[in-house]
Amino acid sequence: MPPTRILGIETSCDETSAAVLSGATDVRCNLVSSQIDLHRRYGGVVPEIASRAHIERIQPIIAEALSMADVAPADLSAIAVTDGPGLIGSLMVGVMAAKTLAWSWDLPLVAVDHIEAHATSAALACPDPPWPAVALVVSGGHTSLYLVRSFLEIDLLGETIDDAAGEAFDKVAAILELGYPGGPLIDKLAERGDPRAIDFPRTWLGRESLDFSYSGLKTAVLYHVYGAGRKYGTVAHLSPQQVADIAASFQVALVDVLVRKTTLAARLCAVSNVVVGGGVAANSALRRELAIACDSQGLKLHLTPMKYCTDNAAMIAALGLQRLRGGRIADLSLEPRAGLLRTRRRP
Ligand code: KG4
Ligand code: ZN
């Protein structure tokens with residue numbers, strides 16, 4: 001029997017992406033068209049600009065992905081698309097494209113949750129799925145811990161009650177006048193800084209809490225830079241070394257909480273696998289510290305390959321294929337949803 005071939009489409013935020021998978025882990029093509037250059041001057045994603053750019057790019061990128069994968073529509077078994085959560089105008093473009101193609105090519109349509117796709121993206125690099133596992137999803141919009149029992153059984157264990165980790169990276173980078181998006185810039189700058197220079201606060205929210213809070217850390221950086229109670233100013237009074245020290249100290253505080261809560265979740269759920277996905281999973285300090293912590297606690301860490309950490313359609317196709325196998329087919333009444341799907345569970 002030929003392997004199941006699936007087209008994945010992702011447009012939830014500011015990346016237009018199309019991918020073709022042949023079987024669970026064989027990524028034949030994964031094209032990502034980033035809109036970072038369009039949004040940079042505004043310091044964040046402008047929803048209206050994002051949806052217009054998706055409209056311009058979606059058709060060419062799908063055609064290009066099929067051509068690069070050397071796959072014709074008749075070779076496909078299904079089309080998987082992100083139906084949420086995300087920017088509603090952006091999601092609408094991907095969902096409309098997927099519904100149109102599923103109808104005209106007479107293919108099953110599969111709806112994939114963007115965060116669940118991040119939570120299972122590490123499996124793209126695993127010959128055998130690493131479930132059950134605790135999954136840390138750290139992106140621009142989400143910071144959550146999940147218990148993944150199988151590709152189709154994913155329960156929320158905890159999440160941020162205010163800022164997401166990526167959002168904190170981007171805002172602190174803005175405070176330090178580093179540019180956008182801030183995560184990769186802080187990651188790079190922190191290499192030259194002293195992580196012990198400033199003792200920024202860690203918010204634990206209770207001894208066994210699996211929720212996160214990053215607004216206090218962000219405010220601590222703000223006041224450290226401009227002075228308590230002040231919100232605006234410049235960093236002109238800081239030396240390049242002081243800016244690097246702030247970046248490194250902020251990063252270590254943020255990563256410390258992520259690592260400790262992830263290993264705590266694994267202990268509370270009595271699982272031995274840990275997976276990590278989402279844009280912030282590309283952070284070098286997080287990858288290093290998680291590896292050290294998991295190693296010392298006998299946990300097996302499965303890091304999502306860098307190219308599948310930030311938004312991409314390969315992870316959508318991969319989870320879509322599993323949902324197709326599980327009979328979770330959508331129909332042409334599928335509508336995008338801006339909000340998160342939640343089944344919360346206490347370990
Ligand atoms: O998953 P993603 O591409 O989009 C969302 O679904 O949100 O994540 C984007 C986020 C941004 O906040 C970006 O600053 C952050 O991931 N990011 C990083 C790194 N690379 C991307 N944060 C820290 N270190 C990095 N190396
Ligand atoms: Zn994402």
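On a 1 Å grid over the protein atoms alone, a pocket is an open set of points where a 1.4 Å probe fits, with protein on both sides within 12 Å along at least five of seven lines, and its lining residues have an atom within 4 Å of a point. The model here is predicted, so to speak of local features takes pLDDT of at least 70 and side-chain atom pairs count only at pLDDT 80 or more, while totals for chains, interfaces and linings use all residues. Residues are numbered from 1 along each chain as its sequence is written, and side-chain values use heavy atoms, with hydrogens and water left out.

The largest pocket comes out at about 980 Å³, the volume being the space filled by probe spheres set on grid points joined across faces, edges and corners. Its lining has 36 residues, with C13, S139, G140, G141 and D170 nearest the centre. Two or more lining residues come from each of α4 (114–120), α5 (165–175) and α6 (182–190), helices being DSSP runs of H or I with at least four residues and strands runs of E with at least two, numbered from the N terminus. The top contributor is α5, with 4 residues.

Sorted by class, the lining splits into 14 nonpolar, 16 polar and 6 charged residues; Ala, Val, Leu, Ile, Met, Phe, Trp, Tyr, Cys and Pro go down as nonpolar, Asp, Glu, Lys and Arg as charged, and the others, Gly among them, as polar. Domain 1 (5–121 + 310–325) and domain 2 (125–307) each supply at least three lining residues, with bounds taken from an automatic or database domain assignment.

As for α5 and α6, their axes come within 7 Å and cross at roughly 70°; axes are lines fitted to C-alpha atoms over the stretch in contact, with angles from 0 to 180 degrees between N-to-C directions. The two helices are therefore roughly perpendicular, a label for 65 to 115 degrees. In the loop between them sits P181, and the Y180 to P181 peptide bond is cis, with omega near -10°.

Another cis bond joins G84 and P85, with omega about -10°; P85 falls in the loop between β4 (78–84) and α3 (88–104).

Note on methods:
Chains lettered and ligands numbered in written order. Parallel < 35°, antiparallel > 145°, perpendicular 65-115°, else oblique.
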